[in-house]
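Trainee: I would like to learn how to read a model such as this one, feature by feature. Please give the general idea each time, then the case at hand.

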Amino acid sequence: MLGEVGSATSKQLSISAPPSIMVPLGSTEQHGPHLPLDTDTRIATAVARAIAERVDWLVAPAIAYGASGEHQDFAGTISIGTEALTTLLVEFGRSATCWAGRVVFVNGHGGNVPALGRATSVLRSEGRDVGWCPCVTAGGDAHAGHTETSVLLLISPDEVRTDAMLAGNEAPLRELLPAMRRGGVAAVSQIGVLGDPTTATAVEGKRIFAEMVDDGVRRIARWLPAGDGMLT
């Protein structure tokens with residue numbers, strides 16, 4: 001197994017059986033006062049690497065910018081929007097499948113889902129074996145709360161500013177969505193947190209991370225893309 005696409009040579013990738021590659025897809029956006037802007041990219045990359053070790057795939061360099069318009073009121077957020085992200089993913093898939101047998105995008109940011117659905121649908125209609133899977137766990141909170149903070153305490157503990165952790169809006173996401181669609185995350189949380197990071201622990205992060213990896217391994221092993229390309 002070569003491991004990382006970015007550290008391989010073209011000759012190493014020119015093998016008899018086309019390799020399969022995983023592409024971490026994240027974002028650059030605010031994650032409250034305590035988590036780094038690249039939180040989603042860190043999680044997607046760590047999950048992709050852990051899955052790849054179990055399914056013997058390669059991991060490509062992460063795509064670190066996504067559709068994050070709902071966070072645009074906060075400093076540090078850089079969103080390329082759904083249209084641009086869709087185009088990027090389509091062209092990425094077209095290029096990668098010239099030499100890779102299968103491509104799966106491992107998504108760490110919910111705002112990327114519409115672009116993923118559009119892009120993978122186009123790619124699959126062109127006969128390319130492309131899909132995507134989410135980094136998900138049962139019962140997780142929405143943004144920069146218990147779930148993401150716990151995972152960061154596991155994979156990047158030095159990047160978590162524990163002295164700055166504050167509970168945000170803990171209402172269910174379905175209740176917050178109408179206001180968020182009108183005014184973004186700032187309309188429902190002044191600190192940009194949806195959930196409670198103060199309850200986060202590395203032990204919880206280990207459990208959550210394992211769920212994300214196990215879920216991804218199962219989806220890839222089954223390889224049953226839905227209409228929007230998400231592996232079921």
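Trainee: How many charges does the protein carry, and how far apart are the mean positions of the positive and negative ones?

Mentor: Lys and Arg count as positive, Asp and Glu as negative, while His and the chain ends are not counted. Each charge is placed at NZ of Lys, CZ of Arg, CG of Asp or CD of Glu. Here there are 18 positive and 25 negative charges, and their mean positions lie 8 Å apart.

Trainee: What should I know about the origin of the coordinates?

Mentor: This is a predicted model, in which local features need pLDDT of at least 70 and side-chain atom pairs count only at pLDDT 80 or more, whereas totals for chains, interfaces and linings use all residues. Residues are numbered from 1 along each chain as its sequence is written, and side-chain values use heavy atoms, with hydrogens and water left out.

Trainee: Which elements make up the fold, and in what order?

Mentor: Helices (H or I, at least four residues) and strands (E, at least two) are DSSP runs, numbered from the N terminus. The protein has seven helices and four strands. From the N terminus, the order is α-β-α-β-α-β-α-β-α-α-α.

Trainee: What does the radius of gyration say about the protein?

Mentor: The radius is taken over C-alpha atoms, and the globule rule is 2.2 Å times the number of residues to the power 0.38. For 232 residues, a compact globule would come out near 17 Å, and the protein agrees, with 17 Å. Along the principal axes, its C-alpha atoms fill a box of roughly 55 × 35 × 30 Å.

Trainee: How is the interior described?

Mentor: Buried means under 20% relative accessible area, exposed over 50%, and partly exposed in between (1.4 Å probe, protein chains only). Buried residues make up 49% of the 232 residues.

Trainee: Which residues touch the most other members of the largest nonpolar core?

Mentor: In soluble globular proteins, nonpolar side chains tend to be buried together. A nonpolar core is a set of buried Ala, Val, Leu, Ile, Met, Phe, Trp, Tyr and Cys residues joined through side-chain atoms within 4.5 Å. The largest one has 32 residues, of which Met22, Val47 and Val104 touch the most other members. Helix H2 (39–55), strand E3 (102–107), helix H5 (146–155) and helix H7 (202–222) each give two or more residues to this core. H2 provides the largest share, eight residues. A second, separate core of 22 residues includes Leu25, Val90, Phe105 and Ala115.

Trainee: Is H5 mostly covered or mostly open, and what covers its buried residues?

Mentor: H5 is mostly covered, with eight of its 10 residues buried. Among these are His146, Glu148 and Leu152. The cover over them includes H2 and H7.

Trainee: Where is His34, and is it buried or exposed?

Mentor: His34 is in the loop between strand E1 (20–25) and H2. Its relative accessibility is 0%, so His34 counts as buried. Contact means heavy atoms within 4.5 Å. Leaving out residues up to four places away in sequence, the residues that His34 touches include Thr149, Glu159 and Arg161. The C-alpha atoms of His34 and Thr162 are 6.5 Å apart, although 128 residues separate them along the chain.

Trainee: Which residue other than glycine has a phi near 60°?

Mentor: That is Asp56, located in the loop between H2 and strand E2 (58–59). Asp56 counts as exposed because its relative accessibility is 51%. Trp223, also not a glycine, has a positive phi of about 45°. Trp223 lies in the segment after H7 and, at 9% relative accessibility, counts as buried.
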